[in-house]
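Try each task yourself before reading the solution.

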Amino acid sequence: MSSEFLNFSVQFALVLLSAAFLLTVLKVIKGPTLPDRILALDMLVATAIGFIAVIGLKTGYTLYVDVAIALGLVGFLATVAFARFILARGQTEEGREKKRLEESQKQSETEKPSVEPDTNSKVVEKPSKKPVTAKKTASQKVAKTPRTRSRKTPKKPETKS
């Protein structure tokens, strides 16, 4: 009776793991964003660990447990590496939208000329700032050395005593 129950349980677990594997592969293929695909790849690793564990139970070999542990460690490191990749590239949809909003706000602010009163009560318009360009990648920043501008302090008007 117990070997019959074990065989049924192994077959049932393999069917469920196969269904999970197929659904996860579909998510990897269709995933709308890169983080969704990476999460699906992590789920594939977990499903593979499940397959290895079930096969280890079926055959009785304890070596499969070691293989499953090694796969779990490699899968975890791969997920962390992919997460760092996403963080470095900023490929999340929210990040792109935030950057677009910030750039449009900066451009709308630079288009408005600001007015400051002078000491002689004349109105002087400040020139508008340069438009904001796209941020440079790490390789572009390394290629050029930063230039420093020397700013002269404006002379204060002389007062008669």
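Helices here are DSSP runs of H or I with at least four residues, numbered from the N terminus. Keep in mind that the model is predicted.

**Exercise 1. Find which helix gives the largest share of the nonpolar surface patch.**

Solution. Next, look at helix H3, which runs over residues 63-89 and supplies three residues, the largest share. Val 67, for one, sits in helix H3. Its relative accessibility is 41%, so Val 67 counts as partly exposed, since that label covers the range between 20% and 50%.

**Exercise 2. Work out how the aromatic pairs are arranged: stacked or tilted?**

Solution. There are three aromatic pairs in the structure. Take Phe 8 and Phe 12: their ring centres are 6.2 Å apart with 15° between the planes, so this pair is stacked, as planes under 30 degrees apart count that way. Both residues lie in helix H1, four residues apart, or about one turn. An α-helix has 3.6 residues a turn, so residues three or four places apart point the same way. Phe 8 has a relative accessible area of 57%, so call it exposed.

Then there's Tyr 61 with Tyr 64, at 6.4 Å centre to centre and 55° between the planes, which makes a tilted pair. At 56% relative accessible area Tyr 61 is exposed, whereas Tyr 64, at 32%, is partly exposed.

**Exercise 3. Say what Leu 41 is in contact with, beyond its neighbours within four places in sequence.**

Solution. First, locate Leu 41: helix H2. With a relative accessible area of 35%, Leu 41 is partly exposed. Setting those sequence neighbours aside, its contacts are Val 28 and Phe 82. Finally, compare sequence with space: Leu 41 and Thr 24 are 17 residues apart along the chain, and their C-alpha atoms are 7.7 Å apart.

Key
Residues are numbered from 1 along each chain as its sequence is written. This is a predicted model: local features need pLDDT of at least 70, side-chain atom pairs count only at pLDDT 80 or more; totals for chains, interfaces and linings use all residues. Side-chain values use heavy atoms; hydrogens and water are left out. Helices (H or I, at least four residues) and strands (E, at least two) are DSSP runs, numbered from the N terminus. Buried means under 20% relative accessible area, exposed over 50%, partly exposed in between (1.4 Å probe, protein chains only). Rings of Phe, Tyr and Trp (its six-membered ring) pair if their centres lie within 6.5 Å; planes under 30 degrees apart count as stacked, over 60 as edge-to-face and the rest as tilted. Contact means heavy atoms within 4.5 Å.
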